[in-house]
Amino acid sequence: MTSRKTTIAMFVAIAVAGSVFVSFPAGIARAYPVQHTVNVLAAVMLGPGPAVLIAFLTGLVRVITGTGSLLAFPGSMIGAFLAGVLYKHYGKVWLAAVGEAIGTGILASFVAVPYAKILMGTSVTALFFMPVFLVSSVSGALLGCIISVRLKETKFAHQLQKH
C-alpha cells in the first residue's frame with residue numbers, strides 16, 4: 001500500500017525530472033507540460049491541498065537546482081488549486097484539466113505580472129505570459145486527463161481515495 005507522503009514525493013520527483021527532460025518551444029519561451037500533467041493527476045488522486053503542496057515543492061526544487069524560475073510558483077500552484085477544487089466539487093476529470101488550464105494559463109498570467117515586477121525586476125503585461133502558460137498548461141492538462149482516466153479504475157487510485 002502506497003502512503004500519501006510517498007505519492008506526494010513521487011509526484012514531485014516526476015515533475016522535477018520531467019521539467020528537465022520534457023519541454024518544447026512555445027513562442028518566446030519553452031513549455032514544460034509535465035508539471036501540469038502532475039497537477040491534474042495530483043488533483044484527482046489526492047485533492048487540492050496535496051496538489052498545491054506538490055506544485056510548491058516542485059517549484060522549490062526547480063528554483064534551488066536552477067532548472068526553473070520564480071514564475072514556477074504562482075503558475076503551477078494556482079492551476080493545481082483550481083484543478084483540485086473543481087475535481088473535488090464535481091468529480092469530473094475533464095474539469096480538473098480545465099481548472100489546470102484556466103488556473104495556470106489565464107489566472108496565473110495575471111498574477112505573474114506584479115510577481116515578476118516585484119521579485120524579478122521585469123515589467124511586462126499578462127499577454128507576455130499567457131501564450132506560453134496556455135500552451136504549456138493545456139498540453140499538460142490534456143495528458144494528465146488521459147492518464148487520470150486510465151488510472152481511475154486501478155487499485156492504486158482506489159487506495160489513494162480511501163485516505
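A crossing is left-handed if the near helix is turned anticlockwise from the far one by less than a right angle, and right-handed if it is turned clockwise.

**Ground rules**

I am working with a predicted model, in which local features need pLDDT of at least 70 and side-chain atom pairs count only at pLDDT 80 or more, while totals for chains, interfaces and linings use all residues. Residues are numbered from 1 along each chain as its sequence is written, and side-chain values use heavy atoms, with hydrogens and water left out.

**Entry 1: the overall chain**

I looked up the elements and found 7 helices and 2 strands in the protein chain. Here helices (H or I, at least four residues) and strands (E, at least two) are DSSP runs, numbered from the N terminus. Read from the N terminus on, the order is α-β-β-α-α-α-α-α-α.

Next I checked burial, where buried means under 20% relative accessible area, exposed means over 50%, and partly exposed is in between (1.4 Å probe, protein chains only). Of the 163 residues of the protein chain, 45% count as buried.

I also looked at contacts, meaning heavy atoms within 4.5 Å. Among those between residues at least 6 apart in sequence, 69% join residues at least 24 apart.

**Entry 2: the nonpolar core**

A nonpolar core is a set of buried Ala, Val, Leu, Ile, Met, Phe, Trp, Tyr and Cys residues joined through side-chain atoms within 4.5 Å. How many residues does the largest one have? I found 25 residues, and those with the most contacts inside it are Phe11, Val38, Val44, Leu46, Ile54 and Ala96. At least two residues each come from helix 1, helix 2, helix 3 (48-65), helix 4 (72-90), helix 5 (93-120) and helix 6 (126-151). Helix 2 gives the most, with 8 residues.

Two packed helices are described by the angle between their axes and the distance between the axes. The axes are lines fitted to C-alpha atoms, for helices over the stretch in contact, and angles run from 0 to 180 degrees between N-to-C directions.

For helix 1 (residues 4-21) and helix 2 (residues 34-45), I noted an angle of about 165° and axes 8 Å apart. The two are therefore roughly antiparallel to each other.

Helix 1 passes helix 2 in a right-handed crossing. On the helix 1 side I found Phe11, Ile14, Ala15 and Gly18, meeting Val34, Gln35, Val38, Leu41, Ala42 and Met45 in helix 2. By class, this contact has 8 nonpolar, 2 polar and no charged residues. Ala, Val, Leu, Ile, Met, Phe, Trp, Tyr, Cys and Pro count as nonpolar, Asp, Glu, Lys and Arg as charged, and the others, Gly among them, as polar.

**Entry 3: helix 1 with helix 3**

These axes come within 9 Å and cross at roughly 45°. That makes helix 1 oblique to helix 3. The crossing is right-handed. Among the residues making the contact are Ile8 and Val12 of helix 1 and Leu53 and Leu57 of helix 3. I counted the classes as 10 nonpolar, 2 polar and 2 charged.

**Entry 4: helix 2 with helix 4**

Gln35, Asn39, Ala43 and Val44 of helix 2 make the contact with Ser76, Gly79, Ala80, Ala83, Gly84 and Tyr87 of helix 4. The classes are 5 nonpolar, 5 polar and no charged.

**Entry 5: single residues**

Is Gly140 buried or exposed? Gly140 lies in helix 6 and is buried, with a relative accessible area of 0%. Leaving out residues up to four places away in sequence, Gly140 touches Pro33, His36 and Thr37.

Ile146 also lies in helix 6, but at 54% relative accessibility Ile146 counts as exposed. The C-alpha atoms of Ile146 and Leu41 are 105 residues apart along the chain and separated by 9.6 Å.

In helix 4 I looked up Met77, which counts as partly exposed at 25% relative accessibility. Beyond its neighbours within four places in sequence, Met77 is in contact with Val52, Ala55, Phe56 and Ala72. Pro74 is found in helix 4 too, and is buried at 9% relative accessible area.

Terms used
Angles under 35 degrees count as roughly parallel, over 145 as roughly antiparallel, 65 to 115 as roughly perpendicular and the rest as oblique.
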